[in-house]
Amino acid sequence: MLELIVISTLNGVLFGMLLFLLSSGLTVIFSMMGVLNFAHASFYMLGAFFGYQLTKWIGFWPALIFAPLLVSLIGMAVERYGLRQTHKHGHVAELLLTFGLAFAIEQVVQMIWGKLPMDYRVPAILDFPAFTIFSTNYPAYKMFMLLISVAIFIALLVTLKRTRVGLIVQAALTHPNMVAHLGHNVGRVFMLVFGVGTALAAVAGVIAGPALVTQSDMAALLGPILFVVIVVGGLGSLPGAFVASLLIGLIQTFAVSMNGSLASLFGPLDPSIGPSLLTDIWNVTIAQIAPILPYVLLVLVLIVRPMGLMGTRES
Amino acid sequence: MRRFLTAAAVALPMLGFGAGAMAQETVKIGYIDPLSGGGASVGEVGLKTFQYLADQINADGGILGKKVEIVPFDNKTNPQESLIQAQKAADAGIRYITQGNGSAVAAALSGFVTKHNSRNPGKEMLYLNYAAVDPVLTNAKCSYWHFRWDANSDIKMEALTNYIKGVPSIKKVYLINQDYSFGQSVRSEARKMLAAKRPDIKIVGDELHPLLKITDFSPYIAKIKASGADSVVTGNWGQDIALLLKAAADAGLKVNWYTYYSGGAGGPTAIKQAGLDHQVFQITEGIPNAGHKSAVDFEKAFREKTHLSLWYPRAVNQMRMFKAAAEKAKSLDPVKVAAALEGMEIEVLDGGKGTMRKDDHQFLQPIYISSFGSLTDKEPFDEEGTGWGWKLVAKIDTAQATLPTTCKMKRP
């Protein structure tokens with residue numbers, strides 16, 4: 001029992017940190033610009049593919065620097081020539097633009113790299129088990145992911161709370177119009193923020209690529225859960241996203257490790273009722289519904305606390 | 001209105017005739033499988049395989065002097081979309097369709113050709129199924145117009161459990177499968193057959209997880225580890241098998257994996273990355289390194305041309321048999337070809353006899369169990385450039401890979 005708890009906690013924290021790595025950029029973009037970037041997971045995918053390609057040419061560590069830079073250039077171009085033009089037509093137009101962009105990026109990735117998974121490997125220097133607990137290995141690479149996540153969290157938090165850029169972000173959260181009226185070069189700041197947000201997604205891609213499968217449908221796989229993270233955490237709240245990532249990671253892993261069902265709790269149904277919808281519900285285990293629990297959480301949070309766990313704005 | 005109807009009555013048969021005349025020049029086979037979306041990587045490989053096989057037949061003079069043409073239709077792995085595409089194929093005068101990815105799609109298509117043929121006598125279509133393995137298709141829901149070349153999942157489990165019967169080191173088995181019709185049938189058959197053949201084996205876990213939704217399998221691996229299993233049986237395919245094996249290797253889980261589809265696109269790469277040398281077993285109707293002379297030559301030529309390894313030996317059997325049946329019937333009329341296919345026997349790609357069982361249109365053939373890992377001189381082919389490949393572990397003869405059918409075939 002202790003073994004399962006310790007291991008599930010570890011797995012949950014690791015998965016949660018991966019989620020945070022992904023959602024941090026999304027949250028930054030939303031809190032600053034009010035744009036719900038549907039293409040965020042696509043930038044993450046671009047990061048993974050660029051990371052794979054650059055790793056082949058110049059090695060993993062340079063790729064970890066250059067792939068996010070490249071992706072942030074693309075992100076800034078999207079902001080400058082796409083979002084800024086649609087901004088005057090309101091949020092729906094922006095939303096649709098990023099929505100379309102997600103499909104476009106997927107198609108381009110398929111055209112260049114094809115539809116098969118890439119052979120993107122963990123760098124040799126990190127390819128060893130970091131420690132063993134209850135005879136389960138924890139690879140060094142996962143610890144590296146954890147470290148990067150925490151480092152990004154701290155760096156972003158310091159930037160947001162202690163610097164001038166952070167001041168503007170904070171102000172934009174509560175008084176978006178006032179900030180614009182104060183005469184900041186809003187255009188350039190928005191472009192940079194979008195660039196930073198997409199670069200964060202790309203960092204997640206470069207790092208998650210070898211750990212997961214680098215394939216043209218990887219964006220579609222992780223896209224939905226990111227929105228759960230930032231809505232549960234509170235739109236635009238960085239600590240909220242951090243807590244929500246951990247929460248979702250832990251809920252999912254613990255649910256998977258539980259085999260209980262209504263049948264095991266209350267005993268099997270009377271066989272005279274026969275097979276029906278009820279017997280399906282009765283026999284389904286918690287483990288089986290684990291992957292939908294985050295979405296249940298999303299619905300609950302929206303009903304009970306629409307601003308999210310740590311959000312400040314109801315939108 | 002009457003004039004319109006008259007015009008339509010004149011025009012429609014002409015249209016139909018036109019399409020029929022066009023179809024006479026070549027034998028068109030509609031390939032209805034995913035060419036976009038999540039299933040595209042698999043669908044693409046199938047398409048290339050069939051195009052290669054068609055080219056090969058054409059180079060030998062075609063079928064009854066007619067060239068074979070593969071016409072791709074994208075069904076996005078969706079049953080509704082597949083019906084639309086099948087109708088498109090029918091409208092274009094295509095009389096043969098082939099499909100393999102997804103048993104829900106296969107059930108829809110089998111129903112489609114059955115209905116189509118009863119409503120359009122003289123324009124019958126034949127459905128050649130190269131990979132959808134739901135047993136229902138050749139049992140309760142069998143159709144005269146459906147022929148299947150892959151062993152259905154029950155037959156594969158029969159062959160696998162016949163192998164497991166002779167391996168006493170397997171004592172604790174963990175089942176993990178995708179939560180839909182195929183995964184559920186793998187799980188229930190495994191339970192049933194293991195209980196009958198090896199009552200001493202303990203099923204220490206039985207997991208169903210959502211289809212193609214999991215990004216991190218480590219919680220499942222933790223459970224497998226906690227259960228003390230020595231072997232895992234899984235029908236997972238696509239990223240569900242790749243990510244599962246990766247997570248297992250990360251955690252250092254030491255078990256043997258008995259799989260249906262670990263050889264699919266991305267699987268070998270994942271196994272090599274994970275370093276699971278000869279710990280992953282696969283059950284198929286043929287492997288590149290089986291050593292049969294003509295199959296080796298075929299594999300070599302196929303790889304040279306397509307840069308893929310042959311993942312569908314059954315497609316080779318299917319096309320060869322299709323040609324043989326048309327020649328036996330001396331006609332490309334689907335009704336006559338179907339009659340010729342029934343009970344037909346051929347030499348399968350990897351050697352040995354295969355029979356298209358008349359009762360249910362299920363192809364019966366030898367089944368191979370192979371493991372993936374480092375190779376010796378006797379195994380020339382690796383997979384996905386990993387340097388590792390499939391090594392023959394056991395050949396299950398046709399008699400050991402056969403199950404009775406419950407099909408009550410309605411013949412036209």
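**Group meeting: a walk through the A–B model**

Hi everyone, let's start at one residue. Leaving aside residues up to four places away in sequence, A:A202 touches A:F43, A:Y44, A:L46, A:G47 and A:F50, and also A:A67, A:P68, A:V71 and A:S72. Please keep in mind that this is a predicted model.

How confident is the predictor about chain A? The mean pLDDT there is 85, with 94% of the residues at 70 or more. Among the elements of chain A, helix α2 (residues 40-58) has the highest mean, 94, while helix α12 (residues 277-283) has the lowest, 72.

Back to A:A202, then. The largest nonpolar core has 207 residues, and A:A202 is one of those touching the most other members, along with A:Y44, A:M45, A:V229 and B:L245. In chain B, both domain 1 (2-152 + 294-364) and domain 2 (154-290 + 367-401) give this core at least three residues each.

Now to where the chains meet. Chain A brings 27 residues to the contact and chain B brings 29. On the chain B side, two or more residues come from each of α2 (40-59), β7 (202-209), α7 (218-227), α8 (239-251) and α9 (267-274). The largest share, seven residues, belongs to α7(B). By type, that side of chain B has 12 nonpolar, nine polar and eight charged residues.

One last stop, in chain B. Why is strand β10 (residues 280-284) described as largely enclosed? Because five of its five residues are buried. B:V280, B:Q282 and B:T284 lie on one side, B:F281 and B:I283 on the other, and both faces are covered. Its parallel partner is strand β9 (residues 256-259) of chain B, joined over three bridges, and B:Y258 stands opposite B:F281. Thanks, everyone!

Conventions. Residues are numbered from 1 along each chain as its sequence is written. Chains are lettered from A and ligands numbered from 1 in the order in which they are written. This is a predicted model: local features need pLDDT of at least 70, side-chain atom pairs count only at pLDDT 80 or more; totals for chains, interfaces and linings use all residues. Two residues are in contact if their C-beta atoms, placed from the backbone, lie within 7 Å. Helices (H or I, at least four residues) and strands (E, at least two) are DSSP runs, numbered from the N terminus. Ala, Val, Leu, Ile, Met, Phe, Trp, Tyr, Cys and Pro count as nonpolar, Asp, Glu, Lys and Arg as charged, and the others, Gly among them, as polar. A nonpolar core is a set of buried Ala, Val, Leu, Ile, Met, Phe, Trp, Tyr and Cys residues joined through C-beta atoms within 7 Å. A residue is buried if 20 or more other C-beta atoms lie within 10 Å of its own, exposed if 12 or fewer, and partly exposed in between; C-beta atoms are placed from the backbone. Domain bounds come from an automatic or database domain assignment. pLDDT is the predictor's confidence in each residue, from 0 to 100. Two strands pair if DSSP finds at least two bridges between them.
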